[in-house]
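Here is a short tour for someone meeting this structure for the first time. Have a look at it, and then we'll go through some of its parts.

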Amino acid sequence: MGNINPQYNDRVQYILKSKTLGSIVTIEPIGWTDDDKEYTRHEKYDGIVAKFSNSLKFIGDAKDYILFIYDIDGIMGDIELIRNEKHPHTDIWTLTYSGFLDLSTLSQENNQVLVKFNSGGLEQELKARDSESVEVDRLTTFNDTRISELKTVEVELEGRRIFLQTKLATKASDNSVKLSNSTKGNTRGSTIAIPLSLVNKSHESAQAPLNGALAGDNSWERSGRGTVSNLFFAISDEDRDLRVNIKLEFKVSFDSYDDVNFFRFWARLGKYTGKNDLNFKENYTLFTSDNYEALNGNTFKASFYQTIRLLEGESLALVFDQCYDGKNGKKSHLDIRLLDITCTVDVEEDSSANTSITKAVLAHELADRLVSIATNREGAFYSDYFGRKDLGYPVDGKGAFIGFTHGFWVRRFDKIPLPQEETTTQDKVSNLFKPITTSFNDFTTSTGAVLNIGIGIETIGNKEIVRIEDKSYFYNRNVTIRLPNQVKNVKRTIAVDKYYSALDIGYEKGGDYEEAFGLDEFNVKSNFSTVISRLKNVYTQISKYRADSYGMEFARRKPITLNDTEDTSYDEDVFFLDLKRGPSSIFLQRKWGDDFEKLPTGIFSPETATNLRFSPVNCLLRHGWWISASLIKYATAKLKFGSSTANRLLKTKLIGGKEYAENGDIINSELQTARFIPEEIEFEHVCDFDVMQQINGSTTILGKKVLNLYGLIEFINEKGEKERAFFMNLKPNGKGQFKVLKLNR
């Protein structure tokens with residue numbers, strides 16, 4: 001079979017082609033002229049795919065050819081089916097249709113081979129693997145084909161200044177303590193923690209002191225050693241400036257006292273150094289008295305508000321103390337009960353950390369990698385949107401410098417651990433690290449939600465490629481197909497699936513942090529409602545990847561050098577990075593001055609905020625032309641803010657744009673103009689050679705080839721008027737059945 005001679009029909013030829021056997025020209029497959037071929041918008045992407053819904057039947061040499069390939073390669077065999085037709089004017093063979101046989105559908109019946117036909121092998125391979133998560137730095141595809149090493153870049157993370165707030169308070173059910181001492185004339189004293197429970201923990205050093213743990217401190221200056229059980233801020237991991245705000249109220253009751261000479265009582269904040277043995281460093285007095293008779297039975301209030309410089313290794317305790325001398329060497333007792341204690345402690349910090357470097361992968365490289373792994377083909381990806389000049393594209397695309405990293409890279413973990421003294425520690429570090437892991441589906445879901453991109457499968461030259469572009473690429477407003485005759489049997493229906501009663505925009509993860517309140521983080525999830533109330537249909541654009549700068553910052557502050565065997569909740573999460581080129585090969589994160597007219601408001605430290613372009617409202621605006629299609633008749637109505645798990649107070653103003661708040665309503669007329677009206681039009685028009693050449697052809701628009709099916713179809717409607725619409729579906733056989741989406745002029 002390797003030397004099969006072509007045989008030509010009169011006007012049409014069908015060719016089977018494979019790498020194993022070369023080409024064979026055969027007779028028309030049985031079923032080709034049945035009305036079941038179809039061009040349609042992909043159910044998941046925005047590109048157009050062609051498919052054959054029924055099985056084709058092959059006999060003779062074609063049957064033997066297919067079975068031979070199947071015997072060698074099984075269902076993974078690649079057999080291309082090509083249909084050529086002679087041009088009616090030039091008699092030159094012209095491609096009218098091509099695709100691949102799906103050998104997983106092969107069956108045999110009545111000396112015939114039955115097998116389904118798909119528009120391309122790439123679409124099927126991608127569909128089979130697009131939801132499978134893979135380690136993107138692997139060096140082989142799913143079928144063990146070798147691929148090149150993943151190309152990564154380095155990104156400088158200047159760091160996000162974060163507002164940390166730890167809150168502690170006394171519970172009503174645990175609001176009393178007792179100081180107790182006895183002596184025979186010597187100085188005696190004791191210390192006990194004011195009872196506190198954690199309400200919110202933003203600092204890792206914060207803890208609830210152990211209630212009822214009485215410690216001795218016989219010094220009148222209260223300068224004895226501290227105890228770990230009394231600490232509410234234990235052993236700071238770095239130098240900090242803490243704003244400490246304390247409000248305290250308590251009642252004093254003396255259970256017993258006799259033969260007391262000198263006496264003093266304190267409520268104080270103590271600072272200590274050290275780990276196991278806590279050495280006194282400094283006191284801050286909230287309340288003191290040396291008159292025990294004036295204390296007994298009375299209620300007192302005290303407050304404290306001061307910025308305290310706490311160095312690395314230092315700690316804080318909030319305690320009650322007593323100290324006294326027994327009179328004339330006699331045996332003496334002093335028991336003080338502190339009752340009805342109400343105390344709140346707020347510890348606030350404007351926190352920052354030194355600049356660090358993370359590995360990252362740019363969007364084009366990540367998408368290309370995921371396509372290669374899923375389809376077992378290198379170089380099967382193309383994107384002007386993510387493309388860059390250094391990759392051979394004519395210009396840097398709008399998304400050229402969008403990158404991705406994950407928690408382990410941010411923490412500076414990698415496959416090769418940092419040098420350590422002990423091999424066992426190296427092993428732990430190596431085992432802890434996991435490469436960045438994701439799927440093509442998660443990539444497209446996330447970039448679709450944030451950037452409003454679309455995906456298509458095209459043939460460039462003789463090679464199938466996966467193409468990702470701004471969604472508008474797939475809804476080009478230039479006429480690329482003109483139907484010559486007036487269409488017949490026109491039916492118009494409302495495209496109810498393109499009317500939306502609500503919008504969910506944002507991210508699956510973010511805003512819920514162990515380390516701090518998430519209320520300042522803006523890149524989480526928001527909900528809006530529209531004026532549409534006759535149906536329930538939610539426009540959902542939720543990213544699987546994160547874009548929260550708080551989450552990345554918390555991961556960054558636990559680098560491998562300090563936490564080499566500790567995992568975090570961010571380690572395996574993928575993060576967006578909105579980048580720009582720096583003065584060196586190291587990329588920088590975009591800040592507000594790169595994209596916005598004025599400093600954003602409503603957030604802490606807007607000058608250090610990143611990924612501002614990825615806020616839910618700014619994502620929504622990128623989807624504006626799609627959302628606005630169902631709101632054309634309601635221009636003065638608004639998208640009404642409903643709820644948010646993010647910082648709803650953030651306000652941003654893009655250069656040349658209007659200022660928007662994350663919790664603000666958006667007037668429908670302010671959205672980008674809709675490209676279509678949600679009205680589907682079905683009609684019939686014969687699909688002769690010339691029409692099919694347009695259907696399968698492309699047009700050069702602004703120097704770029706665009707598939708004609710992505711442009712507008714111009715047709716003569718039932719009123720004899722020219723009308724334009726976007727292609728949705730075509731069954732070319734027989735009468736030629738079209739479905740299009742009405743253009744919004």
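Which residues make a nonpolar surface patch of about 240 Å²? They are Ile27, Ile30 and Ile59. To count for a patch, a residue needs over 30% relative accessible area and no salt bridge, and nonpolar side chains (Val, Leu, Ile, Met, Phe, Trp, Tyr) are joined within 5 Å. A salt bridge here is a side-chain nitrogen of Lys or Arg within 4 Å of a carboxyl oxygen of Asp or Glu.

Ile27 sits in the loop between β2 (22-26) and β3 (37-41). Its relative accessible area is 47%, so Ile27 is partly exposed (buried is under 20%, exposed over 50%, partly exposed in between, with a 1.4 Å probe and protein chains only).

## How to read the model

This is a predicted model, where local features need pLDDT of at least 70 and side-chain atom pairs count only at pLDDT 80 or more, while totals for chains, interfaces and linings use all residues. Residues are numbered from 1 along each chain as its sequence is written, and side-chain values use heavy atoms, with hydrogens and water left out.

## Covered pieces

Strand β22 (residues 356-362) is largely enclosed by the rest of the structure, because five of its seven residues are buried. Helices (H or I, at least four residues) and strands (E, at least two) are DSSP runs, numbered from the N terminus. On one side of the story there's β9 (residues 153-157), which runs antiparallel to β22 and is joined to β22 by five bridges; Val153 has Ala360 as its bridge partner. Strands count as paired if DSSP finds at least two bridges between them.

β22 also pairs with β24 (residues 402-406), again antiparallel, over two bridges. There, Val361 stands opposite Phe404.

Helix α8 (residues 549-556) is mostly covered too, with eight of its eight residues buried. Among them are Tyr550, Met552 and Arg556.

## Rings and charges

Phe404 turns up again in a cluster linked by ring pairs, along with Tyr385, Phe386, Phe443, Tyr545, Phe576 and Phe614. The structure holds 43 aromatic pairs (rings of Phe, Tyr and Trp, its six-membered ring, with centres within 6.5 Å).

Some rings have a charge over them (NZ of Lys or CZ of Arg within 6 Å of the ring centre and within 35 degrees of the ring normal). Arg41 lies over the face of Tyr475, 4.1 Å from the ring centre, and Arg129 lies over Phe142 at 4.3 Å.

Notes: Patches are made of residues with over 30% relative accessible area and no salt bridge: like charges are joined within 9 Å, nonpolar side chains (Val, Leu, Ile, Met, Phe, Trp, Tyr) within 5 Å. Accessible areas come from the Shrake-Rupley method with a 1.4 Å probe; for residues, only the protein chains shown count as cover. Rings of Phe, Tyr and Trp (its six-membered ring) pair if their centres lie within 6.5 Å; planes under 30 degrees apart count as stacked, over 60 as edge-to-face and the rest as tilted.
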